[in-house]
Amino acid sequence: MLDDLALFVHIVDAGSLRAAAVKLDIPSATVTRRLQALEVRLQTQLLHRSARRLVPTQAGRQYYEACRDLVTRLEQVAGDLEGNLNALAGEICVLAPVNLANGPFKRYWASFMAEYPDIRLNLQLSNHREDVLDAGADLAIRVGPLADSSFGQRRLASMPVRLVASPDYLARFGTPATPAELMNHRLIVADPLRTWHFQHPSGENAEIHVEHPVFVANEMQVAIALAEAGQGLLYIPQTQLKDSFAGNRLVVVLPDWDAGRRTVYAVWPHGRALPARVRRLIEHLVRCAEANGWLSKH
């Protein structure tokens, strides 16, 4: 109904059906058909039409005067919304895990803002999976894909996991040779990584669920500090360990066993048009991940 109302206003403003069709870039026959349908729906004639002239009837003039300001305002609002959707400016609200946002992705927020100075970032950091819709967020960074089809998603990174310990710990407690031996060791958990997966090149698989860790933290840098202090073995994404490896404060345990990967996705409400500024942020994070070799297909 609103589309046909706007069409009628454009016909009167244009002065003819053909001129309105050209302005709106639709066939003249479509304009005629929709005008006739509107008149049938309103049960009144809106225009006097001849080969040379198009003049509103009294009812048509009344209808035009009532609708013109409404149509103008609606078109202005639609234009503003379209402009906001395409603008590389405005705010992006992002939900993200603390460990990712303040770890591997930490320097990429600044590089994005340097590239797009008119965009404002609002990072809401939590290691709990907050609801994107309830939070009113534009985007969420999640570990693992979502089964919910109402969300769109883009893979950002695939990060290898490692089992590590300090040289001091291994000197005191020995180095495990198989995943089964881990149950005889002090284990540190970086929540939510309580189940540890391993695969050997021979095809053997092992899964360890840590029931009684000596230390649990939902912030990975705290767990790393405990492992560096020689308090136990830690299962953690390799991207968190650059400084620990460089300083030889931690070393890989069970290097012959693949400890799996953590896949990171950007997710957003599927039915919502994705603003250009949000698309650019996703593309920026993908480029950063690719530059670091985090988008392996494995």
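Mentor: Two strands pair if DSSP finds at least two bridges between them, a strand being a DSSP run of E with at least two residues, numbered from the N terminus. The model is predicted, so local features need pLDDT of at least 70 and side-chain atom pairs pLDDT 80 or more, while totals for chains, interfaces and linings use all residues. Residues are numbered from 1 along each chain as its sequence is written, and side-chain values use heavy atoms, with hydrogens and water left out.

Trainee: How do you know that β5 and strand β13 (residues 261-269) pair?

Mentor: DSSP must find at least two bridges, and β5 and β13 are joined over 4 bridges in the antiparallel sense, with Ile141 standing opposite Ala266 in β13. Strand β3 (residues 90-96) runs parallel to β5 and is joined to β5 by 2 bridges, where Val94 has Leu139 as its bridge partner.

Trainee: Why is His185 called buried?

Mentor: Buried means under 20% relative accessible area (exposed is over 50%, partly exposed in between; 1.4 Å probe, protein chains only), and His185 has 15% relative accessibility, so His185 counts as buried. His185 lies in the loop between α8 (167-173) and β7 (187-190).

Trainee: What makes the approach of the His185 side chain to the side chain of Tyr169 a polar contact?

Mentor: The term requires a pair of N or O atoms within 3.5 Å, and within protein one must be able to donate a hydrogen and the other to accept it, with residues adjacent in sequence counting only if both atoms are side-chain atoms; the side chains of His185 and Tyr169 make such a contact at 2.8 Å.
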